[in-house]
Amino acid sequence: MKQFIIFVKKEFYHVLRDRKTLLILFGMPVMQILIFGFALTNEVKNSKIAILDNSKDMISQQIIDKISASNYFDIEKTVSNNQQIESAFKEGKIKLAVIFSENFNHNLLHQNKAQLQIIADATDPNTANTLTNYVSAIIFDYQTQLNKTTTLPFNITTEVKMLYNPQLKGVYNFVPGVMAMVLMLVSVMMTAISIVKEKETGTMEILLVSPFKPALVILSKAVPYLFLSLVNVASILLLSVYVLDLPITGSIVLLFAESVLFIITCLTLGIFISIKTNSQQVAMLISLMGMLLPTMMFSGFMFPIENMPVPLQVISNIIPAKWFYIIVKAIMIKGLGFSAIWKETLILGGITLFFFVLSLKSFKIRLE
Amino acid sequence: MRTIRFLLQKEFKQIFRNKSILAMILMMPLIQLLIMPLAADYEVKNINLAVVDNDHSTYSQNLITKITASGYFKLQSYGGSFKEAFHLIESDKADLILEISNGFERNLVRENEQKLFVAVNAINGTKAGLGGAYLTNIITNFNNDIRLEWLQPGKVNTIPQIEITSTNWFNPMMNYKVFMVPGILAILVTMVGGFLSALNIVKEKEVGTIEQINVTPIKKHHFILGKLIPFWILGNVVFSIGLFVSWLIYGIVPLGNLLVLYSFIWVYLLAVLGFGLLVSTYTETQQQAMFIMFFFMMIFILMGGLFTSIDSMPAWAQTVTKFNPLRYLIEVMRMIILKGSGWKDISVHLMTMALFAIVLNTWAVINYKKTS
């Protein structure tokens, strides 16, 4: 046991010596949380639009006022013809154009019908959809106001309630994802690289000939990263609670316990990679391509899994981060207990055990 | 001139000897362009719907049929209680609950007023917002249908109505891949250019061969140019492969002039390579270079407007994106490829990028010391 502690101490020295890497390790989650929390929003606001008013009458002016009064739009300029609209789209200056037909007021009041056209820049389909919906809603509102005197029969009103995240903030989706990604990065990549580095520089041989058990040599390598990861978990949670106002609705103890489980999963993966490879570059490439990229793609926080083709959906099941993401979401945001996530926990445990056994089997004490 | 030629020869030999770099150059465009657009499909569809129908009337049936026929929604469960439906949301099996109260049809006809209750799982903001909007739209349409059914024709027409027609330009099919592919291509070029150039010089440092170069009469700018040119060419090759793949698989052909597109890429690659060189002058080991590059890449990609629109960022974040070269490339790629923009439209972007290239490269040359 005393030997083990000495080895762990040695590993800590290694880790703490490389200041630049350490800075990135702790800076990364902080930056990510800040970017995700404050810069990235899916909500649409201040979108630039152009208005072509062919009618220039009272009603069209009233509608324009209503549109410009909303937070969603900035009226970039009032264009005077169709060509200008096209070139504004091409320069990327506007996302949407509203065109009033001629004699708008007259047609509306006398023929009970007036045409209005919305053109959206659909290179970004979701934004186009959302913006079109907003403009239509504003115009629809105006129309109901106009028709106040005549009440329509058979009204169905829809009451929409947004659960968990009433302001539709992006943070709710991102924080659990960032956690999964940072843990993956620290635990898998760093562990793998640090063990392979000993191989590359030849110091591994020295460790292996020591009277200390080889398996414990590897294990002692994992301990500092377990600590680093836990510090990262704590800092992410603190930031999300105090800076992003994202409360932890479930049990914190359970959340930490699950995090430890996921970190151990990652550490076993890192150890497994390091056993299978011999150079830092290969270890980096494998953990980047084989671990980090799939984590980003298949954990479900950046890309919606349900939209993927079936083969990719099947692949997503073997990505540990996906299960961790589900667990964190359930505990942090939905406030559920262990009974809701025992299945996911079991899967994570299974993956860990699988790679642990595989690592033990393929670990060689002798040099080739 | 002769010095540079020899340096170039050396670099190319090293590049072609290293199998992992070659694999990266060939595999990255393929993997990224094949899998990423498939995965990065943000189109909101397949929304899982749980209906709690307490009415079981013709109207409630009609409404549900109308909703499922829209193609956006998948009926996950029908009937049961609100509690059961809520449990489906908790276990992520449903995204949306529609509750139809008892007496929906009767009350609507008699009292002219009836409420529907919709609860949305809003953890994923975009999906919740759009899903809710789709559903309300369908319900409004359904409402109009009922009115038409009950009122004599002609009566509705006495109410002034604004007819809204909406058109989607540049991507009428609203295909999400069309939006993502140019952006992914932009990331690809950045990753290849940035990582390769950063790792390259640091490797010479780590292995110690940089000392040998330092004692030769090779000038600083010769050395830097010798490092830049090969990766500049590689970047162009990767970009061309990517462009070819996106035509082959997604049928995306640039609407704009290819020369405009390539000249922007030429300037852009200079800037990104300069950034890679800069990182390599500040680091000692490949591990460090890798992590620092990774850190910046992350910020570039997240703040580049690929996933979320820059317009909706707060002012300070928008200022930050002005210093992000990737942001300009993504914008320009989408403009030229999807909208067919020309010289005039991208001239400001091109100028900015040239400035980036000059500043980053000068900085890298100044910071590269032949003596340590």
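In the predicted model, the axes of helix 9 (residues 220–250) and helix 10 (residues 258–282) of chain B come within 9 Å and cross at roughly 130°. Two packed helices are described by the angle between their axes and the distance between the axes. Helix 9 of chain B and helix 10 of chain B are therefore oblique to each other, and the crossing in which helix 9 of chain B passes helix 10 of chain B is right-handed. On the side of helix 9 of chain B, the residues that take part are B:I224, B:K227, B:L228, B:F231, B:W232, B:G235, B:N236 and B:F239, and these meet B:I265, B:L269, B:L270, B:L273 and B:L277 in helix 10 of chain B. Sorted by class, the contact of these two helices of chain B has 10 nonpolar, two polar and one charged residues.

At the level of domains, the assignment for chain B gives domain 1 (8–41 + 176–367) and domain 2 (47–158), and the C-alpha centres of these two domains of chain B lie 48 Å apart. For chain A, the assignment gives domain 1 (11–40 + 170–362) and domain 2 (47–146), with the C-alpha centres of domain 1 and domain 2 of chain A lying 48 Å apart.

Between the chains, 86 residues of chain B are in contact with 90 residues of chain A. The elements of chain B that each give two or more residues to the side touching chain A are helix 2 (19–39), helix 4 (82–90), strand 4 (113–121), helix 6 (125–150), strand 5 (161–169), helix 7 (176–207), helix 11 (286–302) and helix 13 (325–339). The largest share of this side of chain B, 13 residues, comes from helix 6 of chain B. The residues on the side of chain B that touches chain A divide by class into 43 nonpolar, 30 polar and 13 charged.

The C-alpha atom of A:F89 is separated by 48 Å from that of A:G270, a residue 181 residues apart from A:F89 along the chain.

Note on methods. Residues numbered from 1 in each chain as written. Chains lettered and ligands numbered in written order. Predicted model: local features only at pLDDT ≥ 70, side-chain atom pairs only at ≥ 80, totals over all residues. Domains from an automatic or database assignment. Contact = placed C-beta atoms within 7 Å. Helix = DSSP H or I, 4+ residues; strand = E, 2+ residues; numbered from the N terminus. Nonpolar A, V, L, I, M, F, W, Y, C, P; charged D, E, K, R; others polar. Axes fitted to C-alpha atoms, helices over the stretch in contact; angles between N-to-C directions. Parallel < 35°, antiparallel > 145°, perpendicular 65-115°, else oblique. Left-handed = near helix turned anticlockwise from the far one by under 90°.
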